[in-house]
Number of protein chains: 2
Amino acid sequence: MTTDHVIENISVNKSFGGWNKQYSHQSTTLNCTMRFAIYLPPQASKSNKVPVLYWLSGLTCTDENFMHKAAAQRVAAALGMAIVAPDTSPRGEGVADDEGYDLGMGAGFYVNATQAPWNRHYHMYDYVVNELPRLIEAAFPVSNKRAISGHSMGGHGALTIAMLNPGRYRSVSAFSPICNPMTAPWGKKAFTAYLGKDQAAWQAHDASELMRQSTQFTPARVDQGGADDFLKEQLKPETLEAAAKESNYPLDLRIHEGYDHSYFFISSFIEEHLRFHASHLS
Amino acid sequence: MTTDHVIENISVNKSFGGWNKQYSHQSTTLNCTMRFAIYLPPQASKSNKVPVLYWLSGLTCTDENFMHKAAAQRVAAALGMAIVAPDTSPRGEGVADDEGYDLGMGAGFYVNATQAPWNRHYHMYDYVVNELPRLIEAAFPVSNKRAISGHSMGGHGALTIAMLNPGRYRSVSAFSPICNPMTAPWGKKAFTAYLGKDQAAWQAHDASELMRQSTQFTPARVDQGGADDFLKEQLKPETLEAAAKESNYPLDLRIHEGYDHSYFFISSFIEEHLRFHASHLS
(Lines give C-alpha, C1' and ligand atoms only; values in the text may rest on other atoms or scores of the structure.)
Protein backbone atom coordinates (compact mmCIF):
# COMPACT_ATOMS: atom_id res chain seq x y z
CA MET A 1 0.00 0.00 0.00
CA THR A 2 1.43 3.37 -0.99
CA THR A 3 0.83 6.61 0.81
CA ASP A 4 -1.45 7.65 -2.03
CA HIS A 5 -3.96 5.31 -0.51
CA VAL A 6 -3.64 6.34 3.11
CA ILE A 7 -4.13 10.08 2.91
CA GLU A 8 -7.22 11.71 1.47
CA ASN A 9 -7.23 15.26 0.17
CA ILE A 10 -9.88 17.55 1.68
CA SER A 11 -9.02 21.00 0.35
CA VAL A 12 -6.59 22.78 -1.97
CA ASN A 13 -5.99 26.54 -2.08
CA LYS A 14 -3.28 28.28 -4.06
CA SER A 15 -1.30 30.64 -1.83
CA PHE A 16 1.73 32.75 -2.80
CA GLY A 17 2.42 30.52 -5.76
CA GLY A 18 2.37 27.38 -3.59
CA TRP A 19 -0.40 25.21 -2.24
CA ASN A 20 -2.25 25.10 1.04
CA LYS A 21 -3.77 21.64 1.43
CA GLN A 22 -5.68 19.65 4.02
CA TYR A 23 -5.69 15.87 4.27
CA SER A 24 -7.31 13.26 6.46
CA HIS A 25 -5.83 9.87 7.30
CA GLN A 26 -6.38 6.96 9.63
CA SER A 27 -3.79 7.33 12.40
CA THR A 28 -2.54 4.05 13.81
CA THR A 29 -0.91 5.93 16.69
CA LEU A 30 -4.04 7.78 17.73
CA ASN A 31 -6.51 5.10 16.71
CA CYS A 32 -8.80 7.58 14.92
CA THR A 33 -9.13 9.66 11.74
CA MET A 34 -6.92 12.74 11.83
CA ARG A 35 -6.69 15.88 9.72
CA PHE A 36 -3.59 17.90 8.99
CA ALA A 37 -2.71 20.92 6.86
CA ILE A 38 0.40 21.39 4.74
CA TYR A 39 1.75 24.41 2.92
CA LEU A 40 3.92 23.44 -0.03
CA PRO A 41 5.99 26.35 -1.38
CA PRO A 42 6.36 26.80 -5.15
CA GLN A 43 9.92 25.43 -5.04
CA ALA A 44 8.82 21.97 -3.83
CA SER A 45 9.10 19.24 -6.47
CA LYS A 46 10.23 15.64 -6.76
CA SER A 47 13.64 16.88 -7.84
CA ASN A 48 13.78 19.63 -5.20
CA LYS A 49 12.70 18.37 -1.80
CA VAL A 50 12.20 21.20 0.66
CA PRO A 51 12.68 21.25 4.45
CA VAL A 52 9.65 21.15 6.77
CA LEU A 53 8.63 23.26 9.73
CA TYR A 54 6.19 21.42 11.99
CA TRP A 55 3.81 23.80 13.73
CA LEU A 56 2.03 22.73 16.92
CA SER A 57 -1.03 24.80 17.79
CA GLY A 58 -2.44 25.81 21.14
CA LEU A 59 -5.53 24.90 23.15
CA THR A 60 -8.83 24.69 21.19
CA CYS A 61 -7.09 24.97 17.80
CA THR A 62 -7.27 22.64 14.82
CA ASP A 63 -4.99 22.29 11.79
CA GLU A 64 -6.59 25.47 10.39
CA ASN A 65 -5.84 28.30 12.81
CA PHE A 66 -2.19 28.74 11.91
CA MET A 67 -2.74 28.42 8.17
CA HIS A 68 -5.55 31.01 8.22
CA LYS A 69 -4.17 33.54 10.68
CA ALA A 70 -0.38 33.42 11.02
CA ALA A 71 0.47 34.94 7.62
CA ALA A 72 3.34 32.47 7.27
CA GLN A 73 2.85 31.44 3.64
CA ARG A 74 4.43 34.54 2.12
CA VAL A 75 7.67 33.93 3.99
CA ALA A 76 7.58 30.14 3.53
CA ALA A 77 7.21 30.72 -0.22
CA ALA A 78 10.15 33.11 -0.23
CA LEU A 79 12.31 30.68 1.75
CA GLY A 80 11.22 27.46 0.03
CA MET A 81 10.01 25.87 3.25
CA ALA A 82 7.04 23.56 3.76
CA ILE A 83 4.89 23.91 6.87
CA VAL A 84 2.86 21.08 8.42
CA ALA A 85 0.18 21.78 11.01
CA PRO A 86 -1.40 18.78 12.76
CA ASP A 87 -4.55 18.92 14.83
CA THR A 88 -4.13 19.38 18.58
CA SER A 89 -5.64 16.07 19.74
CA PRO A 90 -7.33 12.91 18.57
CA ARG A 91 -10.97 13.52 17.62
CA GLY A 92 -14.17 11.73 16.78
CA GLU A 93 -16.88 9.63 18.32
CA GLY A 94 -15.54 7.35 21.00
CA VAL A 95 -12.57 9.60 21.76
CA ALA A 96 -12.55 10.56 25.44
CA ASP A 97 -13.31 14.21 26.12
CA ASP A 98 -13.83 16.68 28.95
CA GLU A 99 -16.12 19.67 29.39
CA GLY A 100 -13.14 21.99 29.86
CA TYR A 101 -11.47 23.59 26.85
CA ASP A 102 -8.12 22.66 28.39
CA LEU A 103 -8.49 18.87 28.55
CA GLY A 104 -9.50 16.26 25.99
CA MET A 105 -10.26 17.20 22.40
CA GLY A 106 -8.31 20.27 21.33
CA ALA A 107 -5.94 19.81 24.28
CA GLY A 108 -3.72 16.77 23.66
CA PHE A 109 -0.67 18.48 25.21
CA TYR A 110 1.74 16.51 22.96
CA VAL A 111 2.24 13.65 25.46
CA ASN A 112 1.43 9.92 25.40
CA ALA A 113 -1.34 9.39 27.94
CA THR A 114 -0.80 6.49 30.33
CA GLN A 115 -4.06 6.87 32.28
CA ALA A 116 -7.57 5.64 31.42
CA PRO A 117 -9.68 6.72 29.62
CA TRP A 118 -7.11 8.91 27.81
CA ASN A 119 -4.57 6.20 26.99
CA ARG A 120 -6.71 4.69 24.23
CA HIS A 121 -6.27 7.64 21.83
CA TYR A 122 -4.20 10.43 23.35
CA HIS A 123 -0.69 9.71 22.02
CA MET A 124 0.06 13.06 20.43
CA TYR A 125 3.77 12.81 21.30
CA ASP A 126 4.26 9.66 19.20
CA TYR A 127 2.03 11.05 16.47
CA VAL A 128 3.99 14.26 16.07
CA VAL A 129 7.46 12.72 16.52
CA ASN A 130 7.00 9.54 14.47
CA GLU A 131 3.82 8.81 12.50
CA LEU A 132 3.18 12.24 11.02
CA PRO A 133 6.71 12.97 9.70
CA ARG A 134 6.94 9.43 8.28
CA LEU A 135 3.70 10.08 6.39
CA ILE A 136 4.73 13.57 5.28
CA GLU A 137 8.16 12.51 4.07
CA ALA A 138 6.67 9.63 2.08
CA ALA A 139 3.77 11.54 0.52
CA PHE A 140 5.19 14.99 -0.30
CA PRO A 141 8.30 16.44 -1.97
CA VAL A 142 9.98 17.27 1.33
CA SER A 143 13.34 16.37 2.80
CA ASN A 144 14.05 15.00 6.26
CA LYS A 145 15.41 18.37 7.37
CA ARG A 146 12.98 19.33 10.10
CA ALA A 147 12.31 22.27 12.39
CA ILE A 148 9.56 22.59 14.97
CA SER A 149 7.61 25.49 16.41
CA GLY A 150 4.34 26.16 18.18
CA HIS A 151 2.16 28.44 20.27
CA SER A 152 1.19 28.19 23.93
CA MET A 153 0.40 24.48 24.53
CA GLY A 154 2.08 23.93 21.15
CA GLY A 155 5.10 25.96 22.25
CA HIS A 156 5.41 23.57 25.17
CA GLY A 157 5.07 20.72 22.67
CA ALA A 158 7.73 22.08 20.31
CA LEU A 159 10.28 22.76 23.06
CA THR A 160 9.83 19.41 24.83
CA ILE A 161 9.76 17.36 21.62
CA ALA A 162 12.93 19.05 20.35
CA MET A 163 14.76 18.52 23.64
CA LEU A 164 13.63 14.89 23.95
CA ASN A 165 14.90 14.16 20.42
CA PRO A 166 18.27 15.88 19.99
CA GLY A 167 19.37 15.93 16.37
CA ARG A 168 15.90 15.25 15.01
CA TYR A 169 15.12 18.96 14.50
CA ARG A 170 17.63 21.51 13.25
CA SER A 171 16.01 24.27 15.29
CA VAL A 172 13.09 24.90 17.62
CA SER A 173 11.03 27.99 18.36
CA ALA A 174 7.96 28.91 20.32
CA PHE A 175 5.49 31.73 20.77
CA SER A 176 4.15 32.20 24.31
CA PRO A 177 4.95 28.61 25.38
CA ILE A 178 3.81 27.00 28.61
CA CYS A 179 7.38 26.91 29.92
CA ASN A 180 6.87 25.12 33.22
CA PRO A 181 3.60 23.16 32.99
CA MET A 182 4.33 21.28 36.25
CA THR A 183 3.60 24.49 38.14
CA ALA A 184 0.88 25.96 35.87
CA PRO A 185 -2.88 25.30 36.17
CA TRP A 186 -3.21 24.18 32.53
CA GLY A 187 -0.25 21.81 32.82
CA LYS A 188 -1.15 20.37 36.22
CA LYS A 189 -4.68 19.57 35.07
CA ALA A 190 -3.56 17.94 31.81
CA PHE A 191 -0.57 16.06 33.24
CA THR A 192 -2.65 14.69 36.13
CA ALA A 193 -5.27 13.40 33.69
CA TYR A 194 -2.93 12.06 31.01
CA LEU A 195 0.15 10.99 33.03
CA GLY A 196 -1.21 10.39 36.52
CA LYS A 197 -0.40 11.91 39.87
CA ASP A 198 3.27 10.90 40.01
CA GLN A 199 5.15 14.07 39.18
CA ALA A 200 8.22 12.10 38.11
CA ALA A 201 6.35 11.36 34.87
CA TRP A 202 5.63 15.06 34.43
CA GLN A 203 9.28 16.09 34.46
CA ALA A 204 9.92 14.35 31.13
CA HIS A 205 7.46 16.80 29.51
CA ASP A 206 8.36 20.03 31.28
CA ALA A 207 10.39 22.38 29.09
CA SER A 208 12.12 24.05 32.02
CA GLU A 209 13.09 20.70 33.61
CA LEU A 210 14.39 19.41 30.27
CA MET A 211 16.29 22.60 29.52
CA ARG A 212 17.93 22.61 32.96
CA GLN A 213 19.23 19.06 32.36
CA SER A 214 20.18 19.44 28.69
CA THR A 215 23.65 18.58 27.47
CA GLN A 216 22.77 18.39 23.76
CA PHE A 217 21.49 21.64 22.34
CA THR A 218 19.08 22.51 19.52
CA PRO A 219 19.13 26.22 18.56
CA ALA A 220 16.07 27.70 20.28
CA ARG A 221 14.14 30.92 20.02
CA VAL A 222 11.16 31.95 22.17
CA ASP A 223 9.02 35.07 21.78
CA GLN A 224 6.57 36.19 24.43
CA GLY A 225 4.12 39.09 24.56
CA GLY A 226 4.50 41.34 27.57
CA ALA A 227 0.74 42.04 27.73
CA ASP A 228 -0.24 38.36 27.54
CA ASP A 229 -3.04 37.66 30.05
CA PHE A 230 -1.59 34.19 30.73
CA LEU A 231 2.00 35.31 31.26
CA LYS A 232 2.39 35.05 35.03
CA GLU A 233 0.11 32.18 35.95
CA GLN A 234 0.44 29.82 32.97
CA LEU A 235 3.49 30.62 30.82
CA LYS A 236 6.46 31.58 33.08
CA PRO A 237 9.22 32.32 30.57
CA GLU A 238 11.46 33.47 33.44
CA THR A 239 11.62 29.84 34.64
CA LEU A 240 12.76 28.69 31.21
CA GLU A 241 15.34 31.46 31.06
CA ALA A 242 16.76 30.46 34.47
CA ALA A 243 16.94 26.83 33.32
CA ALA A 244 18.81 27.83 30.16
CA LYS A 245 21.35 29.71 32.25
CA GLU A 246 21.96 26.62 34.39
CA SER A 247 22.75 24.40 31.41
CA ASN A 248 24.16 27.11 29.13
CA TYR A 249 21.38 26.25 26.65
CA PRO A 250 21.49 28.59 23.59
CA LEU A 251 18.05 30.08 24.18
CA ASP A 252 17.13 33.37 22.50
CA LEU A 253 14.18 34.62 24.58
CA ARG A 254 12.52 37.92 23.70
CA ILE A 255 9.71 39.74 25.51
CA HIS A 256 7.65 42.13 23.34
CA GLU A 257 5.94 44.94 25.15
CA GLY A 258 2.21 45.35 24.51
CA TYR A 259 1.66 42.11 22.59
CA ASP A 260 -0.89 39.57 23.80
CA HIS A 261 -1.55 35.83 23.38
CA SER A 262 -3.33 36.07 20.01
CA TYR A 263 -2.45 35.44 16.39
CA PHE A 264 -1.98 39.20 16.04
CA PHE A 265 1.22 38.61 18.03
CA ILE A 266 2.22 35.46 16.14
CA SER A 267 1.72 37.06 12.72
CA SER A 268 3.82 40.07 13.78
CA PHE A 269 6.88 37.89 14.42
CA ILE A 270 6.36 34.76 12.30
CA GLU A 271 8.73 36.05 9.63
CA GLU A 272 11.57 36.27 12.18
CA HIS A 273 10.86 32.68 13.28
CA LEU A 274 10.79 31.31 9.75
CA ARG A 275 14.04 33.06 8.89
CA PHE A 276 15.61 31.71 12.11
CA HIS A 277 14.61 28.17 11.10
CA ALA A 278 15.72 28.68 7.50
CA SER A 279 19.19 29.70 8.68
CA HIS A 280 19.51 26.27 10.38
CA LEU A 281 17.76 24.23 7.68
CA SER A 282 19.88 25.36 4.76
CA MET B 1 -21.42 64.86 22.93
CA THR B 2 -17.96 63.90 21.72
CA THR B 3 -17.09 60.81 19.75
CA ASP B 4 -15.62 59.36 22.94
CA HIS B 5 -19.20 58.79 24.01
CA VAL B 6 -20.55 57.28 20.83
CA ILE B 7 -18.06 54.49 20.14
CA GLU B 8 -17.28 51.74 22.61
CA ASN B 9 -14.08 49.75 22.49
CA ILE B 10 -14.51 45.98 22.35
CA SER B 11 -11.00 44.64 21.74
CA VAL B 12 -7.40 45.81 21.39
CA ASN B 13 -4.54 43.72 19.96
CA LYS B 14 -1.07 44.99 19.18
CA SER B 15 -0.07 44.07 15.63
CA PHE B 16 3.15 45.01 13.81
CA GLY B 17 3.76 47.87 16.22
CA GLY B 18 0.26 49.26 15.61
CA TRP B 19 -3.13 48.43 17.01
CA ASN B 20 -5.98 46.27 15.80
CA LYS B 21 -9.16 47.43 17.51
CA GLN B 22 -12.87 46.70 17.43
CA TYR B 23 -15.61 49.14 18.38
CA SER B 24 -19.38 49.15 18.60
CA HIS B 25 -21.62 52.15 18.08
CA GLN B 26 -25.25 53.04 17.63
CA SER B 27 -25.69 53.72 13.90
CA THR B 28 -28.29 56.34 13.09
CA THR B 29 -28.17 55.33 9.43
CA LEU B 30 -28.80 51.64 10.05
CA ASN B 31 -30.96 52.07 13.14
CA CYS B 32 -29.06 49.38 15.11
CA THR B 33 -25.82 48.73 16.98
CA MET B 34 -22.91 48.15 14.60
CA ARG B 35 -19.39 46.83 15.05
CA PHE B 36 -16.33 47.80 13.05
CA ALA B 37 -12.61 47.01 13.15
CA ILE B 38 -9.76 49.45 12.61
CA TYR B 39 -6.04 48.88 12.19
CA LEU B 40 -4.00 51.90 13.26
CA PRO B 41 -0.39 51.75 12.07
CA PRO B 42 2.40 52.83 14.44
CA GLN B 43 2.81 56.13 12.56
CA ALA B 44 -0.72 57.34 13.42
CA SER B 45 -0.82 60.16 15.97
CA LYS B 46 -2.64 63.44 16.57
CA SER B 47 0.21 65.25 14.86
CA ASN B 48 0.49 62.68 12.05
CA LYS B 49 -2.89 61.77 10.64
CA VAL B 50 -2.71 58.80 8.30
CA PRO B 51 -4.84 57.94 5.24
CA VAL B 52 -7.54 55.25 5.48
CA LEU B 53 -8.35 52.26 3.33
CA TYR B 54 -11.96 51.17 3.75
CA TRP B 55 -12.36 47.42 3.27
CA LEU B 56 -15.76 45.97 2.38
CA SER B 57 -16.11 42.24 3.02
CA GLY B 58 -18.06 39.61 1.16
CA LEU B 59 -21.14 37.52 1.90
CA THR B 60 -21.37 36.02 5.42
CA CYS B 61 -18.39 38.04 6.72
CA THR B 62 -18.20 40.38 9.69
CA ASP B 63 -15.65 43.07 10.56
CA GLU B 64 -13.26 40.28 11.62
CA ASN B 65 -12.53 38.14 8.54
CA PHE B 66 -10.24 40.59 6.80
CA MET B 67 -8.35 41.57 9.94
CA HIS B 68 -7.74 37.91 10.86
CA LYS B 69 -6.99 36.40 7.47
CA ALA B 70 -5.79 38.95 4.90
CA ALA B 71 -2.32 39.54 6.38
CA ALA B 72 -2.65 43.25 5.60
CA GLN B 73 -1.29 44.70 8.85
CA ARG B 74 2.39 44.16 8.02
CA VAL B 75 2.08 46.21 4.85
CA ALA B 76 -0.23 48.82 6.39
CA ALA B 77 2.33 49.30 9.17
CA ALA B 78 5.12 49.70 6.62
CA LEU B 79 3.10 52.19 4.57
CA GLY B 80 1.54 54.13 7.45
CA MET B 81 -2.01 53.40 6.36
CA ALA B 82 -5.06 52.78 8.56
CA ILE B 83 -7.60 50.15 7.52
CA VAL B 84 -11.27 50.21 8.51
CA ALA B 85 -13.48 47.14 8.10
CA PRO B 86 -17.22 47.57 8.71
CA ASP B 87 -19.65 44.70 9.12
CA THR B 88 -21.51 43.53 6.00
CA SER B 89 -25.06 44.39 7.09
CA PRO B 90 -27.15 45.71 9.93
CA ARG B 91 -27.58 43.14 12.69
CA GLY B 92 -29.55 42.44 15.82
CA GLU B 93 -32.99 41.52 17.03
CA GLY B 94 -35.66 43.17 14.96
CA VAL B 95 -33.44 43.44 11.87
CA ALA B 96 -35.07 41.70 8.91
CA ASP B 97 -33.32 38.53 7.78
CA ASP B 98 -33.59 35.66 5.32
CA GLU B 99 -32.74 31.99 5.51
CA GLY B 100 -30.29 32.29 2.62
CA TYR B 101 -26.68 33.26 3.29
CA ASP B 102 -26.93 35.70 0.38
CA LEU B 103 -29.77 37.93 1.62
CA GLY B 104 -30.33 39.77 4.90
CA MET B 105 -27.77 39.70 7.68
CA GLY B 106 -24.23 39.29 6.32
CA ALA B 107 -25.46 40.31 2.87
CA GLY B 108 -26.27 44.04 2.87
CA PHE B 109 -24.87 44.51 -0.66
CA TYR B 110 -23.86 48.14 0.04
CA VAL B 111 -27.13 49.64 -1.21
CA ASN B 112 -29.94 51.62 0.45
CA ALA B 113 -32.97 49.34 0.50
CA THR B 114 -36.20 50.92 -0.70
CA GLN B 115 -38.44 47.88 -0.20
CA ALA B 116 -40.12 46.58 2.97
CA PRO B 117 -39.11 44.97 5.25
CA TRP B 118 -35.52 45.79 4.32
CA ASN B 119 -35.83 49.57 4.15
CA ARG B 120 -35.99 49.95 7.93
CA HIS B 121 -32.31 48.99 8.51
CA TYR B 122 -30.54 48.08 5.27
CA HIS B 123 -28.83 51.35 4.29
CA MET B 124 -25.27 50.07 3.96
CA TYR B 125 -24.51 52.50 1.12
CA ASP B 126 -25.16 55.57 3.28
CA TYR B 127 -23.41 53.94 6.22
CA VAL B 128 -20.20 53.25 4.32
CA VAL B 129 -20.16 56.49 2.32
CA ASN B 130 -21.23 58.93 5.05
CA GLU B 131 -21.76 57.87 8.65
CA LEU B 132 -18.76 55.57 9.09
CA PRO B 133 -16.06 57.87 7.63
CA ARG B 134 -17.48 60.83 9.60
CA LEU B 135 -17.15 58.76 12.77
CA ILE B 136 -13.69 57.45 11.90
CA GLU B 137 -12.31 60.86 10.95
CA ALA B 138 -13.62 62.38 14.21
CA ALA B 139 -12.49 59.61 16.54
CA PHE B 140 -9.08 58.51 15.22
CA PRO B 141 -5.84 60.15 14.06
CA VAL B 142 -6.66 59.74 10.38
CA SER B 143 -6.86 62.17 7.50
CA ASN B 144 -9.65 62.53 4.97
CA LYS B 145 -7.51 60.84 2.31
CA ARG B 146 -9.51 57.72 1.56
CA ALA B 147 -9.21 54.62 -0.56
CA ILE B 148 -11.68 51.76 -0.84
CA SER B 149 -11.38 48.06 -1.55
CA GLY B 150 -13.32 44.86 -0.99
CA HIS B 151 -13.93 41.23 -1.84
CA SER B 152 -16.75 39.63 -3.84
CA MET B 153 -19.94 41.40 -2.64
CA GLY B 154 -17.54 43.91 -1.07
CA GLY B 155 -15.67 44.27 -4.35
CA HIS B 156 -18.98 45.20 -5.94
CA GLY B 157 -19.49 47.65 -3.07
CA ALA B 158 -16.06 49.25 -3.43
CA LEU B 159 -16.31 49.70 -7.20
CA THR B 160 -19.85 51.10 -7.19
CA ILE B 161 -19.28 53.40 -4.21
CA ALA B 162 -16.09 54.80 -5.75
CA MET B 163 -17.77 55.40 -9.12
CA LEU B 164 -20.86 56.98 -7.54
CA ASN B 165 -18.67 59.40 -5.55
CA PRO B 166 -15.90 60.66 -7.86
CA GLY B 167 -13.19 62.45 -5.91
CA ARG B 168 -14.18 60.98 -2.57
CA TYR B 169 -11.66 58.10 -2.85
CA ARG B 170 -8.16 58.49 -4.25
CA SER B 171 -8.20 54.91 -5.57
CA VAL B 172 -10.37 51.80 -5.64
CA SER B 173 -9.55 48.12 -5.83
CA ALA B 174 -11.36 44.82 -5.62
CA PHE B 175 -10.70 41.12 -5.27
CA SER B 176 -13.09 38.84 -7.14
CA PRO B 177 -15.87 41.45 -7.34
CA ILE B 178 -19.42 40.79 -8.48
CA CYS B 179 -18.89 42.88 -11.62
CA ASN B 180 -22.35 42.74 -13.15
CA PRO B 181 -24.84 41.91 -10.37
CA MET B 182 -27.83 42.71 -12.62
CA THR B 183 -27.10 39.47 -14.49
CA ALA B 184 -25.78 37.33 -11.61
CA PRO B 185 -27.90 35.15 -9.30
CA TRP B 186 -26.52 36.76 -6.12
CA GLY B 187 -27.14 40.25 -7.45
CA LYS B 188 -30.57 39.59 -8.92
CA LYS B 189 -31.82 38.09 -5.66
CA ALA B 190 -30.47 40.92 -3.50
CA PHE B 191 -31.44 43.78 -5.83
CA THR B 192 -34.98 42.42 -6.22
CA ALA B 193 -35.38 42.25 -2.45
CA TYR B 194 -33.70 45.54 -1.55
CA LEU B 195 -34.46 47.74 -4.59
CA GLY B 196 -37.57 46.17 -6.09
CA LYS B 197 -38.29 44.69 -9.49
CA ASP B 198 -37.62 47.80 -11.56
CA GLN B 199 -34.19 47.21 -13.08
CA ALA B 200 -33.66 50.94 -13.62
CA ALA B 201 -32.91 51.15 -9.89
CA TRP B 202 -30.39 48.30 -10.22
CA GLN B 203 -28.28 50.07 -12.82
CA ALA B 204 -27.13 52.67 -10.28
CA HIS B 205 -25.45 49.85 -8.32
CA ASP B 206 -24.02 47.76 -11.13
CA ALA B 207 -20.26 48.21 -11.50
CA SER B 208 -20.26 47.38 -15.22
CA GLU B 209 -23.13 49.80 -15.95
CA LEU B 210 -21.42 52.56 -13.96
CA MET B 211 -18.04 51.95 -15.56
CA ARG B 212 -19.52 52.01 -19.05
CA GLN B 213 -21.02 55.44 -18.36
CA SER B 214 -18.13 56.94 -16.42
CA THR B 215 -16.59 60.23 -17.42
CA GLN B 216 -14.76 60.90 -14.13
CA PHE B 217 -12.18 58.26 -13.27
CA THR B 218 -10.80 56.90 -10.00
CA PRO B 219 -7.68 54.74 -10.46
CA ALA B 220 -8.95 51.15 -10.26
CA ARG B 221 -7.35 47.75 -9.85
CA VAL B 222 -9.17 44.40 -9.87
CA ASP B 223 -7.66 40.97 -9.20
CA GLN B 224 -9.50 37.75 -9.95
CA GLY B 225 -8.57 34.13 -9.38
CA GLY B 226 -8.77 31.95 -12.48
CA ALA B 227 -9.89 28.90 -10.47
CA ASP B 228 -12.65 30.76 -8.63
CA ASP B 229 -15.78 28.57 -8.49
CA PHE B 230 -17.98 31.68 -8.84
CA LEU B 231 -16.14 33.19 -11.79
CA LYS B 232 -18.50 32.48 -14.68
CA GLU B 233 -21.92 32.61 -13.06
CA GLN B 234 -21.54 35.31 -10.40
CA LEU B 235 -18.47 37.49 -10.98
CA LYS B 236 -18.05 38.16 -14.75
CA PRO B 237 -14.90 40.31 -14.86
CA GLU B 238 -15.01 40.19 -18.68
CA THR B 239 -18.14 42.38 -18.56
CA LEU B 240 -16.35 44.96 -16.42
CA GLU B 241 -13.37 44.89 -18.75
CA ALA B 242 -15.59 45.50 -21.79
CA ALA B 243 -17.28 48.39 -20.00
CA ALA B 244 -13.90 49.93 -19.15
CA LYS B 245 -12.91 49.77 -22.80
CA GLU B 246 -16.09 51.61 -23.81
CA SER B 247 -15.44 54.53 -21.47
CA ASN B 248 -11.63 54.37 -21.49
CA TYR B 249 -11.77 53.81 -17.73
CA PRO B 250 -8.25 53.24 -16.30
CA LEU B 251 -8.96 49.72 -15.03
CA ASP B 252 -6.06 47.40 -14.24
CA LEU B 253 -7.66 43.93 -14.29
CA ARG B 254 -5.54 40.85 -13.62
CA ILE B 255 -6.52 37.18 -13.73
CA HIS B 256 -4.38 34.86 -11.61
CA GLU B 257 -4.26 31.24 -12.72
CA GLY B 258 -5.04 28.65 -10.05
CA TYR B 259 -6.28 31.02 -7.34
CA ASP B 260 -9.77 30.64 -5.87
CA HIS B 261 -12.31 32.81 -4.03
CA SER B 262 -10.74 32.46 -0.56
CA TYR B 263 -8.58 34.57 1.71
CA PHE B 264 -5.63 32.48 0.52
CA PHE B 265 -6.01 34.45 -2.71
CA ILE B 266 -6.57 37.81 -1.02
CA SER B 267 -3.56 37.44 1.28
CA SER B 268 -1.35 36.51 -1.68
CA PHE B 269 -2.02 39.86 -3.40
CA ILE B 270 -3.04 42.24 -0.60
CA GLU B 271 0.44 43.79 -0.53
CA GLU B 272 0.12 44.80 -4.19
CA HIS B 273 -3.28 46.38 -3.47
CA LEU B 274 -2.05 48.32 -0.45
CA ARG B 275 0.96 49.62 -2.39
CA PHE B 276 -1.33 50.60 -5.26
CA HIS B 277 -3.49 52.62 -2.87
CA ALA B 278 -0.49 54.12 -1.08
CA SER B 279 0.83 55.41 -4.40
CA HIS B 280 -2.41 57.42 -4.81
CA LEU B 281 -2.82 58.42 -1.16
CA SER B 282 0.61 59.98 -0.69
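The following exercises, each with a worked solution, concern a predicted model.

**Exercise 1. The sheet of chain A**

Determine the strand order of the open sheet in chain A, and state which strands stand at its edges.

*Solution.* 
Step 1. The open sheet of chain A has nine strands, and their order is 1-2-3-5-4-6-7-8-9, with mixed pairing.
Step 2. Strand 1 (7-15) and strand 9 of chain A each have a single partner strand, so one side of each is left without a neighbour in the sheet. These two strands therefore stand at the edges.
Step 3. From one strand to the next, the twist averages 20°.
Step 4. For the pairing inside the sheet, take strand 7 (residues 171-175) and strand 8 (residues 220-225) of chain A: they run parallel and are joined by four bridges. In this pairing, A:Phe175 stands opposite A:Asp223 of strand 8.

**Exercise 2. Helices against the sheet**

*Solution.* 

**Exercise 3. Strand 6 of chain B**

*Solution.* 
Step 1. On strand 4 (residues 50-56) of chain B, the pairing is parallel and comprises six bridges to strand 6 of chain B. Here B:Val50 stands opposite B:Val142.
Step 2. Strand 7 (residues 171-175) of chain B also runs parallel to strand 6 of chain B, joined by two bridges. In that pairing B:Ala147 stands opposite B:Ser171.
Step 3. The chain passes from strand 6 through helix 5 (residues 153-164) to strand 7 of chain B, a β-α-β crossover that is right-handed.

**Exercise 4. Aromatic pairs**

Classify the ring pair of A:Tyr259 and A:Phe269 and that of B:Phe109 and B:Phe191.

*Solution.* 
Step 1. Over all chains, the structure holds 32 aromatic pairs.
Step 2. The rings of A:Tyr259 and A:Phe269 are 5.1 Å apart, centre to centre, with 75° between the planes, and the pair is edge-to-face. A:Tyr259 is in the loop between strand 9 (251-256) and helix 11 (263-281) of chain A, while A:Phe269 is in helix 11, 10 residues apart.
Step 3. A:Tyr259 has a relative accessible area of 6% and A:Phe269 one of 10%. Buried means under 20%, so both count as buried.
Step 4. For B:Phe109 and B:Phe191 the centres are 6.3 Å apart and the planes are at 75°, so this pair is edge-to-face. The two residues are 82 residues apart, B:Phe191 being in helix 6 (residues 185-195) of chain B. Both B:Phe109 and B:Phe191 are buried.
Step 5. A:Tyr259 and A:Phe269 also belong to a cluster linked by ring pairs, with A:Trp55, A:Phe66, A:Phe175 and A:Phe265.

**Exercise 5. The interface**

State how much area chain A and chain B bury between them.

*Solution.* 
Step 1. In the contact between the chains, 24 residues of chain A meet 24 residues of chain B.
Step 2. The two chains bury about 1,800 Å² between them, 53% of it on carbon and sulfur atoms.
Step 3. In chain A, the residues that lose the most area to chain B are A:Lys14, A:His68 and A:Phe264, together 36% of what that side buries.

Conventions. Residues numbered from 1 in each chain as written. Chains lettered and ligands numbered in written order. Predicted model: local features only at pLDDT ≥ 70, side-chain atom pairs only at ≥ 80, totals over all residues. Heavy atoms only, no water. Phe/Tyr/Trp six-rings, centres within 6.5 Å; stacked < 30°, edge-to-face > 60°. Buried < 20%, exposed > 50% of the residue type's maximum accessible area, 1.4 Å probe, protein only. Pairing = 2+ DSSP bridges. Right-handed = clockwise from strand over helix to strand, strands pointing away. Axes fitted to C-alpha atoms, helices over the stretch in contact; angles between N-to-C directions. Contact = heavy atoms within 4.5 Å. Buried area = accessible area lost by both parts, 1.4 Å probe.
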